[in-house]
Amino acid sequence: MAETDPGPEATDQAAARPRKIIHIDMDAFYASVEQRDDPALRGLPVAVGGSRERGVVAAASYEARRFGVRSAMPSVTARRKCPELVFVPPRFEVYKAVSLQIRAIFAAHTPVIEPLSLDEAYLDVTENIQGIASATEIAERIRAEIRAATGLTASAGVSYNKFLAKLASDHRKPDGLFVITPRLGPAFVEDLPVGRFHGVGPATSARMERLGIHTGRDLRARSLAFLQQHFGKAGAYYYWIARGIDERPVRADRIRKSVGAENTFAADLATPEAARAALQPILDKVWRYCEGTGIRGRTVTLKVKYADFSQATRSRTGLAPVASRGELERLSFALLEPVFPVPRGIRLLGVTLSSLNDEPVAGEAQLRLSL
């Protein structure tokens, strides 16, 4: 997440020859695919996911978002916000096939592609296959080609680094394009709430708020030493992005070593029942990624952070990868059981799968414990 201080030399090089980075983000991807394939769903508030009591929203159409429905929201909450919400079961094989179509469009413009998920990627087009000088023109072409090939819309952000390209793609959603030039970058960051910064999650945003850091301007006013003292290695990353500087390369050969999700709760958890219920959307998020990519993992790790910010992790490693969402749940619950009774409330839970492979898995896993 955080990068080391790039130093003035790297910054001078970036100023001399800015990179051309595009961030592409499909608009309400899963829900848009469902509305494309079933015309009866068009114009309706649609949620992809399970409507059962412990179901979770994997994606919401823009019609549903107007009611406050969001991904990772419990289905019962989503239904309460939007009684007319239409639930559609996910079809991950279809989403993966569409994602491959989109990936092929990217590859016609640059080999330097860093996928973040089925519906999102960074592209470095500083040098590009078709020799187009303008990154904005490339982004416009990619969006048009995606629409022609898939019938779906994509938003794009164009800038001179990954951090700003991501901010730019969020700026004009849905079906938008926004450009942040080197001249505009630092000023664009200044007035943004820190909660909008990519890489600053809810827990970090709350810590910054307590330190009086509300905007990019506030973040820029803090010294590197101050930010490292309060945020550790991430402090250098925050210091530089507040200045519109991000030297992270687009990694075409990026290898994911783990997949995980975590959630910080508004109220501390004190009982096993509350903790098991709170784990459900976290498990759903991890397994959605596994289903969408075909990736499986052998090691399940549970992360527990307590009200006093102390934390503990527990792991189990299997001889074969976890083969189903139900198995992931059973293993996570088994890791959770010894945590109780808790000496203090639980403020955060997380689940991570590691020891990954990228092949679909058949058969059952036999486990050995490594607690």
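**Helix packing in a predicted model**

The accessible surface of the protein chain is about 17,500 Å², and carbon and sulfur atoms hold 52% of it (Shrake-Rupley method, 1.4 Å probe).

User: What should I know about the model and its numbering?
Analyst: This is a predicted model, in which local features need pLDDT of at least 70 and side-chain atom pairs count only at pLDDT 80 or more, while totals for chains, interfaces and linings use all residues. Residues are numbered from 1 along each chain as its sequence is written, and side-chain values use heavy atoms, with hydrogens and water left out.

User: How many helices and strands are in the protein chain?
Analyst: The chain has 14 helices and 13 strands; these are DSSP runs, H or I of at least four residues for helices and E of at least two for strands, numbered from the N terminus.

User: At what angle do the axes of α2 and α5 cross?
Analyst: Helix α2 (residues 29–37) and helix α5 (residues 92–107) cross at roughly 100°, and their axes come within 10 Å. Axes are lines fitted to C-alpha atoms, for helices over the stretch in contact, and angles run from 0 to 180 degrees between N-to-C directions. The two helices are therefore roughly perpendicular, a term covering 65 to 115 degrees.

User: Which residues make that contact?
Analyst: Among them are Phe29, Tyr30 and Val33 of α2 and Phe92, Val94 and Tyr95 of α5, where contact means heavy atoms within 4.5 Å.

User: Moving on, how does α5 pack with α6?
Analyst: Helix α6 (residues 135–150) lies with its axis 10 Å from that of α5, at an angle of about 145°. Residues meeting there include Ile102 and Ile105 in α5 and Ile142 and Ile146 in α6.

Methods
Angles under 35 degrees count as roughly parallel, over 145 as roughly antiparallel, 65 to 115 as roughly perpendicular and the rest as oblique.
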